[in-house]
Amino acid sequence: MTERHPRLLIVGLDRYTLDACVRLGVAAVVVCGAASWDDGLITIPSELSVLRVDDQSNVEAVLMALRRAGLGADDFDALHTSDEYSMVSASILARHLGLPCLDPEAAVRFRDKSLQKAAVRDAGLPAARCVVVEDVLSVSGLEELPFEPAVLKPVAGAATALTSVVENVDDLRAQSEEYGRKKISQRTFVLEEYVAGDEWFVDGIVHGGELLFCAVGAYGDPCLTAIQSGKPLWLRHFDPVGESWVYEKAQGFVESALGALGLQDGSFHMELFHDRSSGVLTFGECGARRGGALIHEQIQAKFGVNIAECAVQIALGRRPEIEAKVRPEVFGGTYLPGRPGTLLDCPTPADLLALPYVEFVRIEHPVGTHFAAGPANTSQRVGQFMVVADSIEQLTERFEDVRRWFDERLWVLPEELPTRGRRDFQREWRPTADFRDTLWR
């Protein structure tokens, strides 16, 4: 009798989750929404089955697609997602199918920033106070801010999108009017206390309520500061040997916060603020999935741990065996910024990897992508890269070297050039091409 492969229903595309399924011999069905399919950045391995839907975060769409494919609860051992926007719907779908997954109540806490901060504060941990703005387009009745300054953000957003600092009620009204002009779809926001300090992040694995592994890192500048200044976001991981004090300070806080939020099994990404003068940690927010950017790649390079593979094992009811093998070097990731206009050409990952200290590269946008002026959130970039260095100072120097090298070879057609300007640009971009209008010979 042949051994049956475990069967997993995966909601959303995540390259490392899909790769882990192939390596672990997991027979997975991958639910792929139209936006992810059309983007095409992540390739679904041929060993896995694909279930196309309009919206992977919509329970109705996924359930109907399962029924059309003749699939039900008996066809799966568990459900798993690492898609931030599908957390709650995936947990409800799993509950309906009777499959192991994150509890819906916990999923809601991990998505709603007001609820998660309240839960953490109730557990006695420092967290910013916040109030819910039911409709960010209708704030005329608000006479003053509950906190000054305050951070305005969607109640269930991600990637610092639509996040801003408002100093007073006039700033809030101006931001409300701008969102009205942009006709944004998200309307429920929160106003929360502005918390200063270094922004740390923690990614890890929990099994049976036990923290099996965590990696602590820091953003070069807090995400919101990077957005406001227009600087590329960068991040690196602390060394558990040379910077052990960070892990000693963070671990107990993280365990208490996860307990308050109700995460028993799976991966997480938590953000904290560290006050250098007092040493106090303040809870920022937390997702029941690993972090974005190049956090997965940095953890694998620095610690030799595959977070996505651990999460797949836990989804299937297995306790992962984690043996971290820490490298002493400094690993950091950052963005390859574009310029306003239309992307025409840029160096390839192979070109960048030929540089001596570049460890990983991902170019995320194809030719023809249009970039608006100024970064809209922490996801706006041409691509990302990771470097290795012997110190933080050397790390930031190498970031600048690579960005400069990339920018010198980046071709973007600027916005709003007149026809003559576009002709001049074409001659610069393709100096050997001759587009003159000549008589026949």
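Good morning. I begin with Arg23, which counts as partly exposed at 45% relative accessibility; here buried means under 20% relative accessible area, exposed over 50%, and partly exposed in between, with a 1.4 Å probe and protein chains only. What we are looking at is a predicted model, in which local features need pLDDT of at least 70 and side-chain atom pairs count only at pLDDT 80 or more, while totals for chains, interfaces and linings use all residues. Residues are numbered from 1 along each chain as its sequence is written, and side-chain values use heavy atoms, with hydrogens and water left out.

Let me stay with Arg23. Its partner in a salt bridge is Glu309, with the closest N and O atoms 2.4 Å apart; a salt bridge is a side-chain nitrogen of Lys or Arg within 4 Å of a carboxyl oxygen of Asp or Glu. Arg23 belongs to helix H1 (residues 15-24) and Glu309 to helix H11 (residues 307-315), so this pair ties together parts that are 286 residues apart in sequence. Helices (H or I, at least four residues) and strands (E, at least two) are DSSP runs, numbered from the N terminus. Glu309 counts as buried, at 19% relative accessibility.

How many salt bridges does the structure hold? There are 27 salt bridges. One of them joins Lys302 to Asp239, with 2.6 Å between the closest N and O atoms. This pair links distant parts of the chain, 63 residues apart: Lys302 is in helix H10 (residues 295-303), and Asp239 is in the loop between strand S11 (234-237) and helix H9 (244-261). Lys302 is buried, with a relative accessible area of 2%, and Asp239 is buried as well, at 12%.

Glu297 forms a salt bridge with Arg362, where the closest N and O atoms are 2.7 Å apart. Glu297 lies in helix H10 and Arg362 in strand S16 (residues 358-363), so parts that are 65 residues apart in sequence are tied together. Both Glu297 and Arg362 are buried. Elsewhere, Lys113, Lys117, Lys153, Glu192 and Glu285 are linked in a network of salt bridges.

I turn now to the cysteines. The structure holds zero disulfides, a disulfide being a pair of cysteine sulfur atoms within 2.5 Å. Cys101 is in no disulfide, and the nearest cysteine sulfur, that of Cys21, is 14 Å away. Cys310 is buried, with a relative accessible area of 6%. Thank you.
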